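Please read it with the structure open.

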Amino acid sequence: MIKKIAWDTFKNTGSIDSFLEFKQIKDIEENIQKVEQNGNNKNEWNNNIGK
């Protein structure tokens, strides 16, 4: 969705800076999701240690 917003903004404004800013936001969101997923996996592993 952010990619579409970035592309539409770029088409409307012609500003590559807007496109790049949205792309950075998309990358940040993907990194946050990866970190959250890794945290969940670690918690599941730790919960199984004492069993």
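The points below go from the whole chain to single residues.

1. Basis. This is a predicted model, in which local features need pLDDT of at least 70 and side-chain atom pairs count only at pLDDT 80 or more, while totals for chains, interfaces and linings use all residues. Residues are numbered from 1 along each chain as its sequence is written, and side-chain values use heavy atoms, with hydrogens and water left out.

2. Overall make-up. The chain has 2 helices and 0 strands. Both terms refer to DSSP runs, numbered from the N terminus: helices are H or I with at least four residues, strands are E with at least two. Helix H1 covers residues 2-13. Helix H2 covers residues 16-49.

3. Surface. How much of the chain counts as buried? The figure is 6% of the 51 residues. Buried means under 20% relative accessible area, exposed means over 50%, and partly exposed lies in between (1.4 Å probe, protein chains only). The accessible surface comes to about 4600 Å². Carbon and sulfur atoms account for 54% of that surface. These areas come from the Shrake-Rupley method with a 1.4 Å probe; for residues, only the protein chains shown count as cover.

4. A buried serine. Ser-18 lies in helix H2. Its relative accessible area is 19%, so Ser-18 is buried. Which residues does Ser-18 touch, leaving aside its neighbours within four places in sequence? The contacts are Thr-9 and Thr-13. Contact here means heavy atoms within 4.5 Å.

5. Salt bridges in general. Side chains of opposite charge can pair when their charged atoms come close. The cut-off used is a side-chain nitrogen of Lys or Arg within 4 Å of a carboxyl oxygen of Asp or Glu. The structure holds 4 salt bridges.

6. Helix H1. Lys-4 and Asp-8 meet through their side chains in a salt bridge, at 2.9 Å from N to O. Both residues lie in helix H1, 4 residues apart, about one turn of the helix. Lys-4 is exposed, at 55% relative accessible area. Asp-8 is partly exposed, at 25%. A network of salt bridges links Lys-4, Asp-8 and Lys-11.

7. Helix H2, Lys-23 and Asp-27. Their side chains form a salt bridge, 3.7 Å from N to O. What separates the two along the helix? About one helical turn, because Lys-23 and Asp-27 are 4 residues apart in helix H2. Lys-23 is partly exposed, with a relative accessible area of 41%. Asp-27 is partly exposed too, with 31%.

8. Helix H2, Lys-26 and Glu-30. These two form a salt bridge, and their closest N and O atoms are 3.3 Å apart. Lys-26 and Glu-30 are 4 residues apart in helix H2, so about one helical turn separates them. Lys-26 counts as partly exposed at 29% relative accessibility. Glu-30 also counts as partly exposed, at 34%.

9. Two pairs to check on screen. Ile-16 is found in helix H2 and is partly exposed at 44% relative accessibility. Ile-16 and Ala-6 are 10 residues apart in sequence, with their C-alpha atoms 9.4 Å apart in space. Leu-20 lies in helix H2 as well and is partly exposed, with a relative accessible area of 40%. How far is Leu-20 from Phe-10, C-alpha to C-alpha? The separation is 9.1 Å, and the two are 10 residues apart along the chain.
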